[in-house]
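Please take a look at the model below.

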Amino acid sequence: MQQYQFEKIYSQMEKEYGKIAKGDEDFHTINIFAMESNLLKVHRKFPSSNSRRLLEAIALVLFDIKSRCTGETFELDSFRNEDNARLEHALLMAFDPFTNEELHAAISADSNIDLTDKKTLHDIYAEPVICLLRIKESVNTWIKRMGSDGYFDFAESFMGKNITGDEMTYAWSDITDQ
């Protein structure tokens, strides 16, 4: 896979899932906050997992989601490194039932949810995808304003005092209402 193909995942997923309109972020706060708090925890412990690595991590997560929903496999080893892999894992821990065992148990307890069904998976990932795309926009904005660590500098000043510990958190809304 070439760099341009790797970066096309953002527009492909936006076309498929849509995006959060400016001003509508409040409706997605729980999910965005879970992702951002996990990211900030990782960045504090590993400063080399910076804003630029986060852009790569978001793309990797979008490929992870696409792979789960379609069954396709993607050769991403040349794009994955220690710094973006930590951020990728932090994001997945916020919503992915195949990464977060506690979340998997909670979802599996609902007999109406079939984690082997591609349509169900598409529905489960709809909210996280639009939140990831919104975070990507924010990362780009803060990198332009403040440099390669701009997003994390902003996140620390905006919500840092509310984020403690290093345990990964998750948010999950009742997907059966979708």
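The text goes from a helix pair to aromatic rings, then to charges over rings and a few single residues.

This is a predicted model, in which local features need pLDDT of at least 70, side-chain atom pairs count only at pLDDT 80 or more, and totals for chains, interfaces and linings use all residues. Residues are numbered from 1 along each chain as its sequence is written, and side-chain values use heavy atoms, with hydrogens and water left out.

Start with the helix pair. Two packed helices are described by the angle between their axes and the distance between the axes. Helix H7 covers residues 118-146 and helix H8 covers residues 150-159. Helices here are DSSP runs (H or I, at least four residues), numbered from the N terminus. H7 and H8 pack at an angle of about 100°, and their axes are 7 Å apart. Each axis is a line fitted to C-alpha atoms over the stretch in contact, and angles run from 0 to 180 degrees between N-to-C directions. H7 and H8 are therefore roughly perpendicular to each other. That word covers 65 to 115 degrees; under 35 is roughly parallel, over 145 roughly antiparallel, and the rest oblique.

Which residues in H7 and H8 meet? From H7 come Ile 135, Ser 138, Val 139, Trp 142, Ile 143 and Met 146. From H8 come Gly 150, Tyr 151, Asp 153 and Phe 154. Contact means heavy atoms within 4.5 Å. The residues of the contact of H7 with H8 divide into seven nonpolar, two polar and one charged. In this scheme Ala, Val, Leu, Ile, Met, Phe, Trp, Tyr, Cys and Pro are nonpolar, Asp, Glu, Lys and Arg are charged, and the others, Gly among them, are polar.

Ile 143 is one of the H7 residues in this contact. How accessible is Ile 143? At 11% relative accessibility, Ile 143 counts as buried. Buried means under 20% relative accessible area, exposed over 50%, and partly exposed in between (1.4 Å probe, protein chains only). Beyond neighbours within four places in sequence, Ile 143 contacts Ser 51, Arg 52, Leu 55, Ser 148 and Gly 150. The C-alpha atoms of Ile 143 and Ser 51 are separated by 7.0 Å, though the two are 92 residues apart along the chain.

Follow that link to Ser 51. Ser 51 sits in helix H4. Ser 51 is buried, with a relative accessible area of 0%. Its contacts, leaving aside neighbours within four places in sequence, are Val 139, Ile 143, Ser 148, Asp 149, Gly 150, Tyr 151 and Phe 152. Ser 51 and Trp 142 are 8.6 Å apart, C-alpha to C-alpha, and 91 residues apart in sequence.

Now the aromatic rings. Rings of Phe, Tyr and Trp (its six-membered ring) pair if their centres lie within 6.5 Å; planes under 30 degrees apart are stacked, over 60 edge-to-face, and the rest tilted. By this rule the count comes to seven aromatic pairs. The rings of Phe 6 and Phe 79 have their centres 4.1 Å apart and their planes at 0°, so the pair is stacked. Phe 6 lies in helix H1 (residues 3-7) and Phe 79 in the loop between helix H4 (51-70) and helix H5 (82-93), so the pair ties together parts that are 73 residues apart in sequence. Phe 6 and Phe 79 are both buried.

Phe 95 and Tyr 125 pair in another way. Their ring centres are 6.1 Å apart and their planes lie at 85°, so the pair is edge-to-face. Phe 95 is in the loop between H5 and helix H6 (101-108), Tyr 125 is in helix H7, and they are 30 residues apart. Phe 95 is buried at 4% relative accessible area. Tyr 125 is buried too, at 1%.

Phe 6, Phe 63, Phe 74 and Phe 79 form one aromatic cluster.

Two charges sit over rings. The rule asks for NZ of Lys or CZ of Arg within 6 Å of the ring centre and within 35 degrees of the ring normal. Arg 86 lies over the face of Phe 46, at 4.0 Å from the ring centre. Lys 136 lies over the face of Tyr 10, at 4.5 Å from the ring centre.

Finish in helix H6. His 104 is found there, and at 30% relative accessibility His 104 is partly exposed. Not counting residues up to four places away in sequence, His 104 touches Pro 97 and Leu 115. Ala 106 is also found in helix H6. Ala 106 is partly exposed, with a relative accessible area of 33%.

Note on methods: Helix = DSSP H or I, 4+ residues; strand = E, 2+ residues; numbered from the N terminus.
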